[in-house]
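Please examine the model shown below. The report that follows treats aromatic pairing, the sheet, backbone features and pockets in turn.

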Amino acid sequence: MRFLWIFLTCLLPLGAMAQDMSLLKQPGVVAFMRHALAPGTGDPAAFTLNDCTTQRNLDDRGRTQARRIGGAMRAEGVSFDAVWTSQWCRCRETAALVDMGQPMDVPSLNSHFAGRGDRVQQTADTLALISELPEGERVLLVTHFVNISALTGQSAGSGEIIVTRRTAEGGLEGIGQIEIAP
């Protein structure tokens, strides 16, 4: 009996992951992925957008996590019509390492943590871009905790994906959350 419990305990997370991954195959999915593991919070005071040495970046665990997430999605047959990313180095690197398509910089996905941007305007700009997508097109957005929270009302840990779909009214409806352990 104990063997059966251990067996089921090990299998259930795999089944749940496959089920969650199937959400990403639905037409019109908008998937918000928080960048992979990058130790710390925020960015140094000397932050410069085009200089990764001044930013909080992915560590080796974060790079491994991003590759694992991309591998898991590809193994389930997930694909995206577009991959959008914040211009922050940790997001760009995550988007490149998940390898789900050529990432496109979208400035409205840049962090607005600690007054670095304009939460209201960036959220509106991102929603406007999403509303312009052709019907049924699937997009992966790699961004920051604060942006995901503002856009979806949900929180995401490093590497987590909040899965939404567009509504007839032009909003977003949450349909799931995917987490792949680092």
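The count of aromatic pairs comes to one, where rings of Phe, Tyr and Trp (its six-membered ring) pair if their centres lie within 6.5 Å, planes under 30 degrees apart being stacked, over 60 edge-to-face and the rest tilted. F47 and W88 form this stacked pair, with 4.7 Å centre to centre and 25° between the planes. The pair links distant parts of the chain, 41 residues apart: F47 belongs to the loop between β1 and α2 (60-75), and W88 to the loop between β2 (82-85) and α3 (89-98). Helices (H or I, at least four residues) and strands (E, at least two) are DSSP runs, numbered from the N terminus.

This is a predicted model, in which local features need pLDDT of at least 70 and side-chain atom pairs count only at pLDDT 80 or more, while totals for chains, interfaces and linings use all residues. Residues are numbered from 1 along each chain as its sequence is written, and side-chain values use heavy atoms, with hydrogens and water left out.

An open sheet of mixed pairing is formed by six strands in the order β3-β2-β4-β1-β5-β6; two strands pair if DSSP finds at least two bridges between them. β3 (103-105) and β6 (172-178) stand at the edges with a single partner strand each, so one side of each is left without a neighbour in the sheet. On average, neighbouring strands are turned by 25° against each other, direction ignored; axes are lines fitted to C-alpha atoms, for helices over the stretch in contact, and angles run from 0 to 180 degrees between N-to-C directions.

Strand β5 (residues 161-166) pairs with β6 in the antiparallel sense over six bridges, and β1 and β5 also run antiparallel, joined by five bridges. I161 of β5 has M33 as a bridge partner and is likewise the bridge partner of I178 in β6. I162 stands opposite Q177 in β6.

Helix α5 (residues 145-152) lies across β1 (29-34), β4 (139-143), β5 and β6, and runs at about 150° to β1; contact here means heavy atoms within 4.5 Å.

Two residues take a positive phi. In the hairpin of β5 and β6, with five residues between the strands, G170 has a phi near 90°. D99, which is not a glycine, has a positive phi of about 55° and lies in the loop between α3 and β3.

Grid points are joined across faces, edges and corners, and a volume is the space filled by probe spheres set on the points.

| Pocket | Volume | Lining classes |
|---|---|---|
| Largest pocket | About 230 Å³ | six nonpolar, six polar, five charged |
| Second largest pocket | About 150 Å³ | four nonpolar, six polar, two charged |

Ala, Val, Leu, Ile, Met, Phe, Trp, Tyr, Cys and Pro count as nonpolar, Asp, Glu, Lys and Arg as charged, and the others, Gly among them, as polar. Of the 17 residues lining the largest pocket, T41, G42, R56, R90 and F113 lie nearest its centre. The lining of the second largest pocket includes P27, G28, R166, T167 and G170, and its largest share, three residues, comes from helix α4 (residues 119-131).

Terms used: 1 Å grid on protein atoms, 1.4 Å probe; cavity = no way out; pocket = protein on both sides within 12 Å on 5 of 7 lines; lining within 4 Å.
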